[in-house]
Amino acid sequence: MTTLNLPGPAQDQSPHTAPDTPPDAAAVLAELARWAELGWLRRLDLALARWLQAELPDSPPELLLAAALLAQREGRGHSCIVLADLLALADAAVPVPTDLALQAAEVDEWLDGPEPAQQALRSLMARLVAEASAPGLAHWEALFAASPAVQVLAPGVPETGGAGPATPLLLEGGRLYLRRHWREECLVAAEVLARVGPAPMPASGAVNDLVAEAPPPDPAEVRAWLDRLFTPREPGAPLDWQRAACAVALRGRLALITGGPGTGKTYTVARLLALVFALQPPTVPLRIALAAPTGKAAARLKQSIDLALQGLRQAQPGLLDWDLLAQRLAQAHTLHKLLGARPDTRHLRHDARHPLEVDLLVVDEASMVHLELMAALLAALPRRARLLLLGDKDQLASVEAGAVLGDLCADAEAGRYGSDTAGWIAACTGAPLPAPYLAAPGEASALAQQTVMLRESRRFHGAIGQLAQAVNAGDASVALQRLQAPGPELAHLADPQPGGVLRLALQGRAGAEGGYGPFLQALGERPPPSASVEDHAAWVRRVLGAFDRFRLLCALREGDWGVAGLNRAIEQALRQRGLIHGGASAGLGNDWYEGRPVMVTRNDSALGVYNGDVGLALRAAPTPASGQGSGSGPARRAGPLRVWFADGDQLRSVLASRLAAVETAWAMTVHKSQGSEFEHTVLVLPPRANPVATRELVYTGITRARSRFTLVAAQPAVFEQAVRRRTRRASGLPMRLAGTAE
Ligand SMILES: Nc1ncnc2c1ncn2[C@@H]1O[C@H](COP(=O)(O)OP(=O)(O)OP(=O)(O)O)[C@@H](O)[C@H]1O
């Protein structure tokens, strides 16, 4: 995002865009080039428009503009653009069909620039629309349909795309797609619908086909098991949504369990696994897989499930064959690893032809699963297998295109259960479904029947939970009041200089002392060279643990208040204080020093590191130097610098020199922090309003904090605007799933 003082609207700038000249293809391309120059568009976005024009010189200017904007919006996480939204920029009077008008009202900025960027686009759109003989959506659709670059489809055509050439662009029901995303969307919708529908016939008669083909269990038996696995409920107590989630998940091959942090999603799934295991005939070897988008989230999932099962086992040792259940629970993996990502290729080992050998798959932090990954996962998972998606639908969606969990959980808040589901839930849990969650006639989609939202946070009772709630409700003034209330949990730093953030990082604040101080101290307490490998590993664990207690999260990547600026400032301050030593002078690569926290930015399955993994550069345990000795034992050579990662209790490390795609991680983006929690989390908002700062971003930042949260916002207005700004990603998935009436 540029913060330059930018020139005004387009017509003042370019000879191609004088108001009385019709904006032809050359004029539009020149204008797009100007926007790219100003940082409002990426070079990549411009390149798509230029490529189209080079390949098809007759391309209409409207299509060139739409293609560049489609590429730009794709980079902002949208799977498509809604042409009606674009046309609405030109003139409120442009006819927009009512079903699309809702989306038009919710669009955010189209260009990565301040108001002059938006004005430039509106102005160009107004002129394009004014020049058209028959302005409006139908005219644009006709123009696009005439281009060999665009295939036009009626809404809901199956994933094959029907007949016709594989054009790069695709227009369906007023939405313009890059073909790739359209195909992924169709696949996700088809797979979801197939899994919430009736079970397929066994394909091979193999023993595991019986897993999902078994008739639904007897609700009385389910209820008896739920009573054993959950804390006893008082007669007449209201519905326990955790039990309801288990009941719903038992009924189908796909279940979505959503809820804020600490609402017991993992607690519930651990009991659900025990329940499925208990109801399974002992002859059927149930294969359970656990996965999450990042290594850390996967390790956390496994740890929480193990802990919950241990608790159950201690309380009721004779209830189940706990050892067998533990054996069935494989190690948790990242989704990339589960799917068999290979080095140097996007190709995955598992796909529809080489499906995963799994009967029940649990995916945590599903809000981070983007469209492409979800499509790959659903393609590779046999339809007879059970899939449980866990996540917080209110969190930020992935950086990549798609907001799949949000789209799938469209009905989660309202419930919208049909009478069948309500009856099943009541029979399995012993409590009636509260009337407000019943669907109105015709409203109960098949997907809603398989979705449960957990509503009570078991972790956040205090100030952080209340703040998160106010933000989620869009109530900026209550959120600000909570931030200013006395107490150690919350604080608001309104320092107009980044120096205040630096102090927080190095010392913490009143009520949340420390910052990175305890980490730096642990780093300095390296065991002596004579220490054993075990002692060295224990030290690495201590340092990693100390690092994970505090984190700076930024809305922006660039600038003094972004990840890049704050990382630089922290490194400089630490060097000045003599707390880090490194770079070329210490015989290390320029960027490396002991204690450097790094985040992996590209999957490398050969090294076993995945995008988003955070590790610390620490020297390996010293090794005896060959051929040397002294009276006090063999001399030891300092170990090489390795980057250490913790997956729960497991440590793994990679030579720092082999990790090419990493960035320093004293500060990281809120996006990349998903799936992690820190004792004290600091959220740094930009000094001026910025479309990147949204309600979902603020909510995600706050809910990363375990016990202390600090907001850094020089202007309270920036926080207020962010809380009011909801992101809605353009996607055709809700439309594709809408035909799922029960
Ligand atoms: N019904 C319950 N009774 C008692 N304790 C519970 C119950 N549900 C959850 N908890 C406890 O609340 C805490 C949070 O639960 P859990 O970790 O399952 O939540 P979560 O939704 O998975 O959280 P996150 O979003 O952070 O992953 C845990 O300590 C768990 O043991």
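## Basis of the model

Residues are numbered from 1 along each chain as its sequence is written. In this predicted model, local features need pLDDT of at least 70 and side-chain atom pairs count only at pLDDT 80 or more, while totals for chains, interfaces and linings use all residues.

## The chain as a whole

The chain has 29 helices and 24 strands. Helices (H or I, at least four residues) and strands (E, at least two) are DSSP runs, numbered from the N terminus.

Of the 742 residues in the chain, 47% are buried. A residue is buried if 20 or more other C-beta atoms lie within 10 Å of its own, exposed if 12 or fewer, and partly exposed in between, with C-beta atoms placed from the backbone. Among contacts with a separation of 6 or more, 72% join residues 24 or more positions apart. Two residues are in contact if their C-beta atoms, placed from the backbone, lie within 7 Å.

## The shell around the ligand

The ligand is surrounded by 13 residues, and the closest are Gly264, Lys265, Thr266, Tyr267 and Arg458. Helix H12 (residues 265-279) gives the largest share of the shell, three residues.

By type, the shell holds two nonpolar, eight polar and three charged residues. Ala, Val, Leu, Ile, Met, Phe, Trp, Tyr, Cys and Pro count as nonpolar, Asp, Glu, Lys and Arg as charged, and the others, Gly among them, as polar.

## The recorded binding site

An unreviewed UniProt entry lists Gly259, Gly260, Pro261, Gly262, Thr263, Gly264, Lys265 and Thr266 under "binding site". UniProt positions are given in the numbering used here, feature names are shortened, and annotations may be inferred rather than shown by experiment.

Glycine 259 is part of strand S5. This residue counts as buried because it has 24 C-beta neighbours inside 10 Å. Leaving aside residues up to four places away in sequence, glycine 259 touches Lys265, Asp392, Met453, Leu454 and Arg455. Proline 261 sits in the loop between S5 and H12. With 22 other C-beta atoms within 10 Å, proline 261 is buried.

Strand S5 (residues 254-259) has six of its six residues buried, so it is largely enclosed by the rest of the structure. Leu254, Leu256 and Thr258 point one way from S5, while Ala255, Ile257 and Gly259 point the other way.

S5 runs parallel to strand S9 (residues 386-391), and five bridges join them. Two strands pair if DSSP finds at least two bridges between them. Isoleucine 257 is opposite leucine 390 in S9. S5 also pairs in the parallel sense with strand S10 (residues 451-454), over four bridges. There, threonine 258 has methionine 453 of S10 as its bridge partner.

## A mixed sheet of four strands

Four strands in the order S1-S4-S3-S2 make an open sheet with mixed pairing. Its edge strands are S1 (80-82) and S2 (150-153), each pairing on one side only. From one strand to the next, the twist averages 20°. Axes are lines fitted to C-alpha atoms, for helices over the stretch in contact, and angles run from 0 to 180 degrees between N-to-C directions.

Four bridges link S2 and strand S3 (residues 169-172) in the parallel sense. Valine 150 has leucine 169 in S3 as its bridge partner. Helix H7 (residues 137-145) packs on the sheet and touches S2 and S3, with its direction at about 125° to that of S2. Helix H4 (residues 83-90) lies across S1 and strand S4 (175-178), at about 50° to S1.

## An antiparallel sheet of five strands

Another open sheet has five strands in the order S20-S19-S16-S15-S21, with antiparallel pairing. Strand S20 (650-655) and strand S21 (662-664) are at the edges, each with a single partner strand, so one side of each has no neighbour in the sheet. Neighbouring strands in this sheet are turned by 40° against each other on average, direction ignored.

Within this sheet, three bridges join strand S15 (residues 597-600) to strand S16 (residues 614-619) in the antiparallel sense. Proline 597 has leucine 616 in S16 as its bridge partner.

## An exposed loop residue

Glycine 487 lies in the loop between helix H21 (476-484) and strand S11 (490-493). Glycine 487 counts as exposed because it has 10 C-beta neighbours inside 10 Å.

Conventions. Near = placed C-beta within 6 Å.
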